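Please open the model in your viewer and keep the selection tool at hand.

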Amino acid sequence: MTTGMYPQVRMRRVRATAWSRALHREVRLDPSDLIWPLFVTDGTAVEEPIASLPGVSRWSVDQIAIRAREAVGLGIPCLALFPNTQPERRSEDGREASNPDNLMCRALRAIRDAVGDEIGLLTDVALDPYTIHGQDGLIDEQGYVRNDDTVDVLVGQALNQAEAGADIIAPSDMMDGRIGAIRSALEAGAHTNVQIMSYAAKYASAFYGPFRDAVGSRGLLKGDKKTYQMDPGNSEEALREVALDLAEGADSVMVKPGLPYLDIVRRVKERFEVPVFAYQVSGEYAMIEATVAAGAGERDALVLETLLAFKRAGCSGVLTYHAAHAARLLGA
Ligand code: PBG
């Protein structure tokens with residue numbers, strides 16, 4: 001780095017005009033950086049607004065296909081799907097996750113019919129939308145989530161999603177060894193080109209509340225997820241998690257939540273030089289919307305600034321509930 005002394009050096013020279021600021025800008029945000037999470041619900045022609053996520057709704061399968069067409073038009077390259085499983089289909093062992101006609105699979109097929117290969121489809125692997133206890137895996141009598149038995153079920157869930165047309169399998173469960181197990185099953189099942197984006201560094205965060213409303217697991221969940229999701233005080237551990245998932249065959253890794261963990265994004269990017277994604281999670285979205293509702297900030301600027309921060313930190317892309325809004329702003 002070369003630098004001199006004032007007044008020969010004036011940092012403000014290049015900031016003086018809009019054209020010069022544009023010329024010197026280091027990172028840019030583009031609709032192709034965005035992954036749009038969508039919630040699927042049962043029925044036809046249904047839109048269910050989610051109170052704790054103002055502006056976000058659950059959509060029935062037919063409506064999801066319309067959202068997918070909208071996303072293609074906006075230049076968004078990928079959707080992430082989450083089901084709000086019907087209560088009568090939830091069980092102790094979450095077996096609905098492996099049903100080829102579950103909401104997720106029906107949504108995958110409907111989107112494929114509507115837009116073909118024009119958009120990537122990412123599916124979440126974890127049992128929380130399917131269990132009656134809201135945990136991401138199978139629990140023992142003490143409520144402890146059993147690792148190895150859960151991995152077996154997750155493999156079935158991932159294969160089920162791949163058969164229905166998922167392009168990217170995204171395990172969000174934080175079980176040990178699940179990336180390797182899922183990768184092997186995909187290879188054996190002729191899904192060699194199905195990617196894995198691992199939620200490698202996923203923290204036990206207070207920012208997931210509105211998401212749990214959206215998938216209907218909030219009222220069911222007793223306790224917390226601290227025996228499998230990471231402690232917010234740790235970052236060395238995040239690097240180990242990422243190293244393991246890459247060794248097991250992850251194509252890309254994710255850090256989650258987003259903004260409070262940009263230091264993790266940066267450390268992972270610098271250490272591993274692999275595609276890193278971040279999830280601007282439901283509580284982060286809700287914080288922005290609450291700021292706007294309180295008259296304390298302006299939505300468009302908050303959305304674009306926070307998303308740009310992910311790019312600056314080293315992200316290849318961001319999962320955000322503001323994806324369609326941001327893509328519209330960027331396309332305008
Ligand atoms: C499920 C899952 C969660 C999120 C994504 N996948 C919630 C959780 O772990 O409890 C959170 C996403 C968000 O808050 O937007 N394992």
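Begin by selecting Arg112 and Asp167, which form a salt bridge (a side-chain nitrogen of Lys or Arg within 4 Å of a carboxyl oxygen of Asp or Glu) whose closest N and O atoms are 2.7 Å apart. Arg112 lies in helix 3 and Asp167 in the loop between helix 4 (147–163) and strand 6 (168–171), so this pair ties together parts that are 55 residues apart in sequence. Helices (H or I, at least four residues) and strands (E, at least two) are DSSP runs, numbered from the N terminus. Asp167 is partly exposed, with a relative accessible area of 26%; buried means under 20% relative accessible area, exposed over 50%, and partly exposed in between (1.4 Å probe, protein chains only).

This is a predicted model, in which local features need pLDDT of at least 70 and side-chain atom pairs count only at pLDDT 80 or more, while totals for chains, interfaces and linings use all residues. Residues are numbered from 1 along each chain as its sequence is written, and side-chain values use heavy atoms, with hydrogens and water left out.

Next, select Arg106 and Asp42, a salt bridge with its closest N and O atoms 3.4 Å apart. Arg106 belongs to helix 3 (residues 103–115) and Asp42 to the loop between strand 1 (34–41) and strand 2 (47–49), so the pair ties together parts 64 residues apart in sequence. Arg106 is partly exposed at 29% relative accessible area, and Asp42 is partly exposed at 33%.

Now move to Arg178 and Asp173: are they buried or exposed? Both are buried, and their salt bridge has its closest N and O atoms 3.3 Å apart.

Finally, select Arg67, Glu70 and Arg328, which are linked in a network of salt bridges; a search of the whole structure finds 21 salt bridges.
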